[in-house]
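User: Please walk me through this model, feature by feature. Give me the general idea, then the case.

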Amino acid sequence: MDTVEIMVVIGGIGLIGLTLWYFFGEREQVSAATNETGVQEIKVTVRGGYAPDVIVVKKDLPVRLNFYRDETASCSEQIVFGDFGIARDLPAYKTTPIEFTPHKTGEFNFSCGMNMLRGKLIVR
Ligand SMILES: [Cu+2]
């Protein structure tokens, strides 16, 4: 193999690694902060995905997730928390609070209405 071929192979391996990390890698977990009224609150930016997309909250305390939809792409116009029976429209360039109180621990997925954009709520 000449140098160019080696570079291509290394580049390919790097891309595969990046792809695996993207789909299966450990995402950064962000804990919601408890405000003065005892509500666990966090801002989530919606733009081709959710940022943060792994949110940690405590059980039996009210949660308010403030979804700011920073785009008009139709994919993200709905947010669904199936385990909590919540489906809500997210108007573009506005903040939509999603409020509920989780009563059991575990990991709960949330997604757009088409189940394409995904995030996870971890209740501890
Ligand atoms: Cu979608």
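User: What should I know before reading any value?

Analyst: This is a predicted model, where local features need pLDDT of at least 70, side-chain atom pairs count only at pLDDT 80 or more, and totals for chains, interfaces and linings use all residues. Residues are numbered from 1 along each chain as its sequence is written, and side-chain values use heavy atoms, with hydrogens and water left out.

User: How many helices and strands are there in the protein?

Analyst: Helices (H or I, at least four residues) and strands (E, at least two) are DSSP runs, numbered from the N terminus. The protein has one helix and 11 strands. Their order from the N terminus is α-β-β-β-β-β-β-β-β-β-β-β.

User: Which atoms coordinate the copper ion?

Analyst: Donors are N, O and S atoms within 2.8 Å of the metal (3.2 Å for Na, K and Ca); water is not among the atoms, so sites may look incomplete. Here the donors are Cys75 (O), Cys75 (SG), Cys112 (SG) and Met114 (SD), at 2.1 to 2.7 Å.

User: Why is the arrangement around the copper ion called tetrahedral?

Analyst: Four donors count as tetrahedral if all angles lie between 85 and 135 degrees. Around the copper ion, the four donor atoms subtend angles of 87 to 135°, so the arrangement is tetrahedral.

User: How are the donor residues spaced in sequence?

Analyst: The spacing is C-x36-C-x1-M. Cys75 lies in the loop between β6 (63-69) and β7 (78-81), and Cys112 in strand β10 (residues 106-112), so the pair ties together parts 37 residues apart in sequence.

User: How many disulfides does a search of the whole structure find?

Analyst: A disulfide is a pair of cysteine sulfur atoms within 2.5 Å. The search finds zero.

User: Which strands pair with β7?

Analyst: Two strands pair if DSSP finds at least two bridges between them. β7 pairs with strand β8 (residues 86-89) in the antiparallel sense, over four bridges. There, Phe81 has Ile86 as its bridge partner. β7 and β8 form a hairpin with four residues between them, and Gly85 in the turn has a positive phi of about 65°. β7 also runs antiparallel to β10, joined by two bridges. On that side, Ile79 is bridged to the copper ligand Cys112.

User: Which residues of β7 lie on its covered face?

Analyst: Ile79 and Phe81 do, while Gln78 and Val80 make up the uncovered face.

User: Which side chains make polar contacts with Asn35?

Analyst: A polar contact is a pair of N or O atoms within 3.5 Å; within protein, one must be able to donate a hydrogen and the other to accept it, and residues adjacent in sequence count only if both atoms are side-chain atoms. The Asn35 side chain reaches the side chains of Thr37 (2.8 Å) and Glu41 (3.0 Å). Asn35 sits in the loop between β2 (33-34) and β3 (40-46). Its relative accessible area is 18%, so Asn35 is buried.

User: What does Lys58 touch?

Analyst: Contact means heavy atoms within 4.5 Å. Not counting residues up to four places away in sequence, Lys58 touches Thr34, Gln40, Pro102, Val123 and Arg124. Lys58 lies in the loop between β5 (54-57) and β6.

How values were computed. Four donors count as tetrahedral if all angles lie between 85 and 135 degrees; four count as square planar and six as octahedral if opposite donors are over 155 degrees apart and all others between 65 and 115; anything else is irregular. Buried means under 20% relative accessible area, exposed over 50%, partly exposed in between (1.4 Å probe, protein chains only).
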